[in-house]
Amino acid sequence: MNESRKPSLLTGAVVGLMLTVSLIAIFYLATQLIGTPFVPFDVFDWVGRNLPGPLISFGIDRIVDVVTGLNLGETSSAAKTAEHALAVGGMLATGIIAAIVLFAILPRVKPRYLVGLLVGLAVGVPVMLISSSVNLTATAGPLVNNLWIVAAFAVWGVALAWVYVRLEGTQMAAAATVEQIDRRRFLITLGGATAAITVAGTGVGLLLRPEESEVIPTTTALNATEPEVAWSAGNNLPNVDATPLPAPGTRPEFTPLDRHYRIDINSLPPTVREEDWTLEITGLVDTPTRLTLTELRENFDPLDQFVTLSCISNPMAGDLISTQYWTGAPLRDVMAVANLKPEATHLRITSADNFDEVVDLETVMADERVMLAYAWDGLPLRVKHGFPLRVYIPNHYGMKQPKWITKIEAIPQWEEGYWVRRGWDKDAIMRGTSVIDTVAANDVVTDGNRQLIPIGGIAHAGARGISKVEVKIDDGDWATAELRTPLSEVTWVVWRYDWAFEAGSHTFTVRCVDGDGEPQIEMVAGSHPSGATGLHTTRGTI
Ligand SMILES: Nc1nc2c(c(=O)[nH]1)N[C@H]1C(S)=C(S)[C@@H](COP(=O)(O)O)O[C@H]1N2
Ligand SMILES: [Mo]
């Protein structure tokens with residue numbers, strides 16, 4: 001055989017690209033059609049969980065930087081989209097590399113289809129194992145999932161070999177020019193066919209995708225005949241009459257459910273079926289217990305709290321912070337049912353996605369506000385926000401507060417949780433932070449004969465509250481802002497400062513003091529490992 005005329009490795013890369021794009025589209029279609037896993041996301045999640053902590057933290061920071069820098073909109077959803085793109089890109093790269101390897105070994109090793117099959121299996125079997133270890137969204141059974149993944153990759157591998165054989169066959173023609181034309185024509189046909197498969201698979205998959213599937217919990221806990229009405233639809237916020245009014249342009253004091261940020265380690269949020277779920281309470285307890293969601297709702301006096309939650313990765317003045325109305329059972333009441341042994345000092349809380357965190361029992365027992373929450377805004381938790389159960393621990397960043405809880409284990413010592421093992425702060429106490437949301441130059445107010453521009457935003461310092469917010473314009477003195485009564489002692493505080501303005505270009509800076517008298521840290525630092533610090537500054541021309 002004429003070695004120089006074997007299909008090149010570059011051709012292998014192109015063929016790998018075409019066939020792998022089709023494969024991904026077919027996986028997507030099957031996900032929507034029969035509920036099998038979308039494997040690029042599973043592999044991405046698995047890689048994310050197994051990369052070294054510093055690398056993953058660096059990656060998260062860069063994604064947040066890009067999303068913030070390019071103004072890609074709301075950070076948490078843009079970041080998820082970026083992660084989805086990376087997941088698909090990663091699978092594509094894997095497919096291309098595998099195709100290059102195949103095109104490199106086929107001239108030497110036979111039989112070709114068997115080699116293709118083996119390469120397909122070499123990728124497919126690990127992907128199947130990874131998927132079965134991390135996937136929490138597939139609705140098809142494990143046997144179907146595993147067979148489907150392995151079969152799809154096997155066919156893909158054989159198809160790669162088939163293309164190789166077909167391309168090589170074009171060498172057998174007599175004249176080089178005819179060969180080349182034939183080979184090019186074949187590649188173009190192949191490109192057209194794979195593009196058609198990709199478009200059809202993705203298109204049909206998108207059509208089949210149930211709208212808002214991720215937000216509708218599979219719950220039977222609420223009386224099905226009763227329409228589910230959001231708490232906020234029928235109630236005033238407790239501080240409706242408070243003053244001052246937020247400066248026009250201040251973010252909503254109560255974050256609408258659909259706008260609450262979402263951060264977790266899953267490409268797709270785990271779907272937990274209420275019928276299959278119980279909360280397991282185990283470890284150093286005298287009475288190991290399992291509770292259903294209905295029992296959690298009915299056997300304990302519910303506690304309602306307005307809560308501001310923030311991600312430790314929130315950049316200064318970022319949008320990974322939101323305020324909702326949480327309902328749940330105090331954790332200490334729930335633990336009482338299991339009768340803790342005296343040796344127990346901490347609780348390890350584990351989630352459906354294998355996320356975990358540890359909270360000390362002293363805090364749980366001393367603070368009724370530590371709760372197992374099952375509702376936000378009076379509705380069962382949205383799937384992406386942790387259905388059926390999540391924990392609330394005041395004063396700590398979101399990384400300490402597992403969603404999709406499955407198990408609580410009483411243990412005799414403190415242990416590191418998921419993000420602590422990856423180098424983040426072991427306490428993750430919320431930093432004091434203050435943000436300028438608006439300089440409302442178009443909403444001038446008059447006070448006597450003075451014309452004032454309302455400036456406003458939020459300040460937050462976990463459960464410590466905010467005692468003071470100050471605003472500085474250019475190099476002027478710090479001026480004290482008015483503080484609006486917050487929704488609760490653990491939510492952000494809306495502040496406002498009406499400024500006797502001067503036309504021109506100005507710099508606005510804000511700082512706060514928490515309820516313990518601690519001033520906001522002015523030194524600029526990124527979010528890793530303990531939460532971002534530094535003062536927020538904006539510029540504007542009046
Ligand atoms: N099971 C689980 N719980 C989790 C996480 C996770 O990845 N898995 N992420 C945590 C982090 S880092 C944050 S900031 C909050 C975010 O909660 P939200 O998405 O409902 O706003 O969830 C926390 N709980
Ligand atoms: Mo977070």
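Colleague: Hi! I'm new to this one. Where is the place of Pro111?

Modeller: Pro111 is in the loop between helix 4 and helix 5, and helix 5 covers residues 112-134. Keep in mind that this is a predicted model.

Colleague: Thanks. Is the peptide bond from Lys110 to Pro111 cis or trans?

Modeller: The bond from Lys110 to Pro111 is cis, and its omega is near -5°. For background, most peptide bonds are trans.

Colleague: What about the bond from His528 to Pro529, cis or trans?

Modeller: Cis as well: omega from His528 to Pro529 is near 5°. Pro529 is found in the loop between strand 18 (505-514) and strand 19 (536-541).

Colleague: While we're on backbone angles, is the phi of Asn339 positive or negative?

Modeller: Asn339 has a positive phi, about 55°, even though it is not a glycine. Most residues other than glycine have a negative phi. To find Asn339, look in the loop between helix 10 (331-338) and strand 5 (346-351).

Colleague: Let's switch to the ligand. Where does ligand 1 sit?

Modeller: Ligand 1 sits in the second largest pocket. That pocket has a volume of about 1,000 Å³.

Colleague: And which residues come nearest to ligand 1?

Modeller: There are 20 residues around ligand 1, and the nearest of them are Tyr261, Asp353, His385, Arg390 and Lys403. By class, that shell has 10 nonpolar, five polar and five charged residues.

Colleague: Which backbone atoms lie by the nitrogen or oxygen atoms of ligand 1?

Modeller: A polar backbone atom of Ile263 is 3.0 Å from an oxygen atom of ligand 1. For Ile265, a polar backbone atom is 2.8 Å from an oxygen atom of the ligand. On the nitrogen side, a nitrogen atom of ligand 1 lies 2.9 Å from a backbone N or O atom of Gln401.

Colleague: How much of ligand 1 does the protein bury?

Modeller: The protein buries 99% of the 530 Å² that ligand 1 exposes when taken alone.

Colleague: Back to the pocket, then. How many residues line the second largest pocket?

Modeller: Its lining has 50 residues, and Ile60, Glu83, Asp264, Ile265 and Trp419 lie nearest the centre. Ile265 is also the residue with a polar backbone atom 2.8 Å from an oxygen atom of ligand 1.

Colleague: Which helix gives the largest share of that lining?

Modeller: Helix 4, with nine residues. At least two residues of the pocket lining come from each of helix 2, helix 3 (53-69) and helix 4 (75-105). The whole lining divides into 30 nonpolar, 11 polar and nine charged residues.

Colleague: Which strands supply the lining of the largest cavity?

Modeller: Strand 11 (433-439) and strand 13 (450-460) each provide at least two of its lining residues. In terms of class, the lining has 10 nonpolar, five polar and two charged residues.

Colleague: And what lines the second largest cavity?

Modeller: Among its lining residues are Phe38, Phe41, Asp42, Asp45 and Arg49, along with Val134, Asn135, Leu136 and Thr137. Asn266, Ser267 and Leu268 also belong to the lining. The space inside is about 90 Å³.

Colleague: Which helix gives the most to that lining?

Modeller: Helix 2 (residues 39-50), with four residues. Helix 2 also supplies at least two residues of the lining of the second largest pocket. The lining of the second largest cavity has five nonpolar, four polar and three charged residues.

Definitions and conventions: Residues numbered from 1 in each chain as written. Chains lettered and ligands numbered in written order. Predicted model: local features only at pLDDT ≥ 70, side-chain atom pairs only at ≥ 80, totals over all residues. Heavy atoms only, no water. Nonpolar A, V, L, I, M, F, W, Y, C, P; charged D, E, K, R; others polar. 1 Å grid on protein atoms, 1.4 Å probe; cavity = no way out; pocket = protein on both sides within 12 Å on 5 of 7 lines; lining within 4 Å. Points joined across faces, edges and corners; volume = space filled by probe spheres on them. Near = heavy atom within 4 Å. Polar contact = N/O pair within 3.5 Å; in protein donor to acceptor, adjacent residues only side chain to side chain. Areas by Shrake-Rupley, 256 points an atom, 1.4 Å probe, with all protein chains shown as cover. Sits in = over half its atoms within 2 Å of the grid points.
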